[in-house]
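Colleague: Could you please show me how a model of this kind is read, one feature at a time?

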Amino acid sequence: MKKIDKSKADAYFREKNTYMIIYFIIWALVSYGVVLFAEPLSDLYFNGFPFHYFMGAQGALAVFIILLFVNAFVGDKIDKKYGIDHNKNEEIGRESTVEH
Amino acid sequence: MNTQFFVSMAIILATFALYIGIAVFNRAKGTSEFYVAGRGVPPVWNGMAIGADWMSAASFIGMAGTIMVLGYDGLAYIMGWTGGYLLLTFLLAPQLRKSGSYTVPEFIGDRFKSKTALIIAAICTMIISFTYSIGQLSGSGVVIGRLFEIDAKLGTIIGVVLIAIYAAFGGMKGITWTQVAQYLVLIIAYLVPVIFMSLQITGNPLPWLSYGEIVGKLGELDRELGFSEYFAPFEKGSKWQFLALMFTLMAGTAGLPHVIARFYTVSTMKAARWSGAWALLFIGLLYFSAPAYAAFSRFILMTQVAGSKIAELPAWTKTWVDTGLLQVADTSADGILQWNELIIANDIVVMATPEIANLGVFVIGLVAAGAMAAALSTAGGLLIAISSAFAHDIYYRILKPTATDKQRLNVGRITIVVATLLAGLVALNPPGAITQIVAWAFALATGTFFPALVLGVWWKRSNSKGLISGLLVGLGVTLVYIFAAKYGGFTILGIIDTGAGVFGAIAAFATNIIVSLATKPPSQEIQDAVINLRYPEQMTYKDGEVYLEE
């Protein structure tokens with residue numbers, strides 16, 4: 001086990017959190033945000049749908065799925081940047097069980 | 001007994017044989033396989049299994065109908081039942097996976113070093129999962145009953161026996177792989193009819209691209225008839241109810257023990273992240289399609305059924321009027337069926353579509369198999385959650401820590417069988433409508449586990465007294481609001497019983513925080529363990545230092 005700089009680990013955590021907060025802001029805007037402004041948005045049309053309905057039925061969900069895949073990709077990249085080896089993680093992960 | 005019965009029966013029996021075969025092939029050989037599928041399910045397949053687990057019989061049959069009846073306000077269910085996966089994947093899943101626990105109560109018991117917390121959490125898990133499974137088993141009984149024209153009770157019993165067999169055999173490993181098969185069955189069964197309807201109505205085989213125009217047309221038709229438009233916002237409830245319901249469903253997703261447990265079956269935190277993404281993609285396929293079903297069905301009903309002479313209604317309406325799901329009245333006594341003289345039950349939308357679109361006996365049988373797949377997959381996930389709460393958390397962790405692997409497996413198997421039989425018994429005479437029971441389960445999860453887990457993972461200062469008081473206050477406030485709103489007509493900002501989770505969550509967060517700060521902080525060891533959850537498996541935090549395993 002090699003000791004690493006705590007500041008490096010802190011930077012890892014901060015970087016992950018920054019992305020997470022961005023994802024949550026977008027998540028909130030496309031769902032709660034659109035609902036809050038549903039009435040004015042209902043005057044716009046998109047692909048035949050009134051816009052507020054489009055977002056509720058398709059737009060928000062599409063954004064959610066994209067955000068989750070982005071999170072997975074970016075999460076892997078951040079891990080790699082900090083020298084994490086995923087095969088090692090797998091080894092550790094498969095055996096991990098709480099010891100009683 | 002006609003051709004339809006035999007075709008439907010044949011397709012369903014074929015799928016049952018497939019599920020049992022998979023469960024036997026994957027029978028659990030140890031507790032790790034029984035509770036967490038050996039921790040090695042690849043993310044794509046895990047995501048597919050989550051999709052099947054998530055889509056219950058009630059949703060498969062009823063969601064499209066709910067959206068048709070509620071219009072825009074029904075979309076709170078679409079966003080609510082999908083958006084929660086972000087809360088789960090970002091805030092809880094990877095961290096709980098790293099903790100190494102088998103169940104949510106075990107995580108809580110270890111995080112707070114409290115047997116009391118473990119027991120309360122295990123009991124809450126059993127109550128929430130048991131309530132939810134009553135809805136599923138009763139729903140599957142209705143499906144089998146309606147399709148085979150036998151009593152719904154008999155249908156419930158058939159479902160119960162089947163699940164008890166393959167869940168007890170395969171445990172989480174068997175359940176996960178059968179859920180993959182069930183997902184494939186249910187997605188095909190759901191998509192085939194709506195694709196054909198899209199072709200017939202718009203000439204475009206892609207319903208998700210074509211139904212927007214139909215939504216616009218429905219609005220025009222409504223305006224002509226003098227009704228508020230199909231897509232008009234907040235016709236059925238206040239804006240605050242929409243927001244509260246959406247939040248309750250999202251936070252409940254992240255707080256339901258049987259959903260969280262689906263992330264224990266993968267190998268790493270990275271796999272948990274990818275699992276969440278794949279899960280929402282597979283779930284999304286269904287949820288993108290439900291509003292399309294709703295729009296097409298309403299369009300057909302408005303243009304081909306309403307406005308016709310009552311004596312000349314299309315052939316397919318006769319059978320549905322016979323089942324009572326479609327009601328035709330002539331209050332204006334003019335021999336013509338007006339739109340407001342037609343009463344439509346939610347369930348008709350998905351089940352009648354193959355007939356409306358003239359798709360033939362095979363597709364109708366396929367839809368029946370799809371509904372069964374949805375029911376079985378959800379029930380399976382719930383029963384494992386109940387079994388693990390009793391056999392692992394209470395029996396093994398509290399009552400008999402010296403139990404051997406074999407003894408633990410046996411207790412696990414027996415618990416599944418007993419829980420299934422009990423739930424089945426109650427399901428024969430359910431205490432409420434299925435969607436209502438499910439809504440209450442979500443509200444309870446939002447008010448109890450969501451705040452407890454989020455604070456447990458992200459706030460190292462949260463201690464056992466804070467957790468326990470938070471859990472109990474959240475539970476109390478949610479229950480009180482549900483009863484007050486439902487039976488007393490008491491509402492705040494128009495929020496009804498299905499939005500009660502908001503108040504429970506606020507109360508639980510506040511209580512947990514205040515009580516934790518007012519009492520002793522958790523030990524350094526516990527606080528270190530919480531900080532440790534921030535990093536991937538290779539990094540470990542201990543005594544203020546971080547180590548990298550090479």
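**Contacts and cores**

Modeller: Leaving aside residues up to four places away in sequence, B:Ala371 touches B:Ala57, B:Phe60, B:Ile61 and B:Val143. Two residues are in contact if their C-beta atoms, placed from the backbone, lie within 7 Å. This is a predicted model, in which local features need pLDDT of at least 70 and side-chain atom pairs count only at pLDDT 80 or more, while totals for chains, interfaces and linings use all residues. Residues are numbered from 1 along each chain as its sequence is written, and chains are lettered from A and ligands numbered from 1 in the order in which they are written.

Colleague: Which residues have the most contacts inside the largest nonpolar core?

Modeller: In soluble globular proteins, nonpolar side chains tend to be buried together. A nonpolar core is a set of buried Ala, Val, Leu, Ile, Met, Phe, Trp, Tyr and Cys residues joined through C-beta atoms within 7 Å. A residue is buried if 20 or more other C-beta atoms lie within 10 Å of its own, exposed if 12 or fewer, and partly exposed in between, with C-beta atoms placed from the backbone. Here the largest core has 213 residues, and A:Phe64, B:Leu186, B:Phe296 and B:Ala371 have the most contacts inside it. Helix H15 (residues 361-399) of chain B gives the largest share of this core, 23 residues. Another core lies apart from it and has six residues, including A:Ala9, A:Tyr12, B:Met539 and B:Leu548.

**The two chains**

Colleague: How many helices and strands are there in chain B?

Modeller: Helices (H or I, at least four residues) and strands (E, at least two) are DSSP runs, numbered from the N terminus. Chain B has 21 helices and four strands. Chain A has four helices and three strands, in the order β-α-α-β-β-α-α from the N terminus on.

Colleague: What radius of gyration does chain B have, and what would a compact globule have?

Modeller: The radius of gyration is taken over C-alpha atoms, and the globule rule is 2.2 Å times the number of residues to the power 0.38. For the 550 residues of chain B the rule gives a value near 24 Å, and chain B has 24 Å, which agrees. The C-alpha trace of chain B spans about 80 × 50 × 45 Å along its principal axes, and 61% of its residues are buried. For chain A, a compact globule of 100 residues would have a value near 13 Å, but chain A has 20 Å. Its C-alpha trace spans about 60 × 30 × 30 Å along its principal axes, and 31% of the residues of chain A count as buried.

Colleague: How many residues does the contact take from chain A and from chain B?

Modeller: Chain A provides 52 residues and chain B provides 54 residues. On the side of chain A that touches chain B, the largest share, 18 residues, comes from helix H3 (51-81). That side divides into 27 nonpolar, 15 polar and ten charged residues; Ala, Val, Leu, Ile, Met, Phe, Trp, Tyr, Cys and Pro count as nonpolar, Asp, Glu, Lys and Arg as charged, and the others, Gly among them, as polar.

Colleague: Which strand of chain B do three bridges join to E1(A)?

Modeller: Two strands pair if DSSP finds at least two bridges between them. Strand E1 (2-4) of chain A and strand E4 (residues 545-548) of chain B run antiparallel and are joined by three bridges. In this pair, A:Ile4 stands opposite B:Val546.

**Helices and backbone angles**

Colleague: Why is helix H6 of chain B described as largely enclosed?

Modeller: Seven of the eight residues of H6(B) (104-111) are buried, so the rest of the structure largely encloses this helix. Among these buried residues are B:Glu106, B:Phe107 and B:Arg111. Just after H6(B), B:Lys113 has a positive phi of about 45 degrees.

Colleague: Where does B:Leu493 lie?

Modeller: Most residues other than glycine have a negative phi. B:Leu493 has a positive phi, near 55 degrees, and lies in the loop between helix H19 (464-488) and H20 of chain B. B:Leu493 is exposed, with 12 other C-beta atoms within 10 Å. A:Asn47 also has a positive phi near 55 degrees, in the loop between strand E2 (45-46) and E3 of chain A. A:Asn47 is partly exposed, with 15 other C-beta atoms within 10 Å.
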